Amino acid sequence: MTLALIIALPFLGILLPLLAERFGRSACAVATAVAPLIALALLLSQQAAVFTGEPLVARLDWLPALGLNLSLRLDGLGFLFALLILGIGLLVILYARYYLSDAEPMGRFFAFLLLFMGAMLGVVLSENLLLMLMFWELTSLSSFLLIGFWGARSDARRGARMSLTVTGGGGLALLAGILLIGHIVGSFELSEVLAAGELIRGHALYPLALILVLLGVFTKSAQFPFHFWLPHAM
C-alpha cells in the first residue's frame, strides 16, 4: 500500500496547482509541493526496511493471463532513484516558481511536472516489466507536454514532436525486448528475471533482446547516436 501511495501521490496532486493558481504564484508552488513532500516522507519511512538488504515487494494480480500484474518493488537502487526524483523534483518546483513569468500558466506547468514525477516513480518502483513499460511511455507523453509547454513557439513544438517520435520509437523497441525476455523466462516479474540471468544470457534470443532493450534505453536517455533530440527539447 505504501509503495502504491508513493507513486499515486503526484498523480493525485495534479489538480492542486491548477486550483491554487488563482491565489498567486507562491500558493501555486506550495500546493504543488504538497504531494511530493508526502511521498518523500513515505519513502524515507521505508529506509530502515530497505537497508536490511531485502527488497520490499507488493503484488496484486491484474491480468495474469498476459503476465501483467500490479507489482511494485523497493530495493536500494529503487530507493536511490525515487529519492532523486522527489528531491530534485521539489527543487525544480522551487526554481520554476521564480523562473516562469507572470504571464505564463504556472498551474499547467506544475501539473505536467507532477505527471512526469509520478511516471518516473512508476518506472523505478515497478516490479512487473510490462507495468514499468506503461509508466515508461507515460514519461514520454509527459516529456512531450513539458517540452511543448511554450506552444506558441515553433521550436518548442518541433522539439516536443521530435522527443516523442524518438522516445516513442525506442519504447516500441523496449516493448519487443521485454516480450522476448518474458518469453525466455516465462515471467515478467523483475525478481524472476534477475534470478534467471544465466538462462537469459544462454538463450539464442539474448543478443536480439539485449539490442532492443538498449535501443529503448539509449533513445530515452539521449545517448549517442540518439542524442540529437535533447538540445531541441531544451
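Predicted model: local features only at pLDDT ≥ 70, side-chain atom pairs only at ≥ 80, totals over all residues.

User: OK, and how many helices and strands does the protein chain have?
Analyst: There are 12 helices and two strands. Reading along the sequence, the order is α-α-α-α-β-β-α-α-α-α-α-α-α-α.

User: What about helix 6, is that buried or exposed?
Analyst: Of its 20 residues, 17 are buried, so helix 6 is largely enclosed by the rest of the structure.

User: And what span should helix 6 have?
Analyst: Helix 6 covers residues 106-125, and at 1.5 Å a residue its 20 residues should span 28 Å. The end C-alpha atoms are 28 Å apart, which agrees.

User: Switching to the whole chain: what radius of gyration does it have?
Analyst: It comes out at 19 Å. A compact globule of 234 residues would be near 17 Å, so the chain agrees with that. Along the principal axes, the C-alpha trace spans about 60 × 40 × 30 Å.

User: How much of the protein chain is buried?
Analyst: Buried residues account for 46% of the 234.

User: And the accessible surface, what's that made of?
Analyst: It totals about 11,900 Å², with 73% of that belonging to carbon and sulfur atoms.

User: Last one: what share of the contacts join residues at least 24 apart?
Analyst: Counting contacts between residues at least 6 apart in sequence, 71% join residues at least 24 apart.

Definitions and conventions
Residues numbered from 1 in each chain as written. Heavy atoms only, no water. Helix = DSSP H or I, 4+ residues; strand = E, 2+ residues; numbered from the N terminus. Rg over C-alpha atoms; globule rule 2.2 N^0.38 Å. Buried < 20%, exposed > 50% of the residue type's maximum accessible area, 1.4 Å probe, protein only. Contact = heavy atoms within 4.5 Å. Areas by Shrake-Rupley, 256 points an atom, 1.4 Å probe, with all protein chains shown as cover. Expected span 1.5 Å × (residues − 1).
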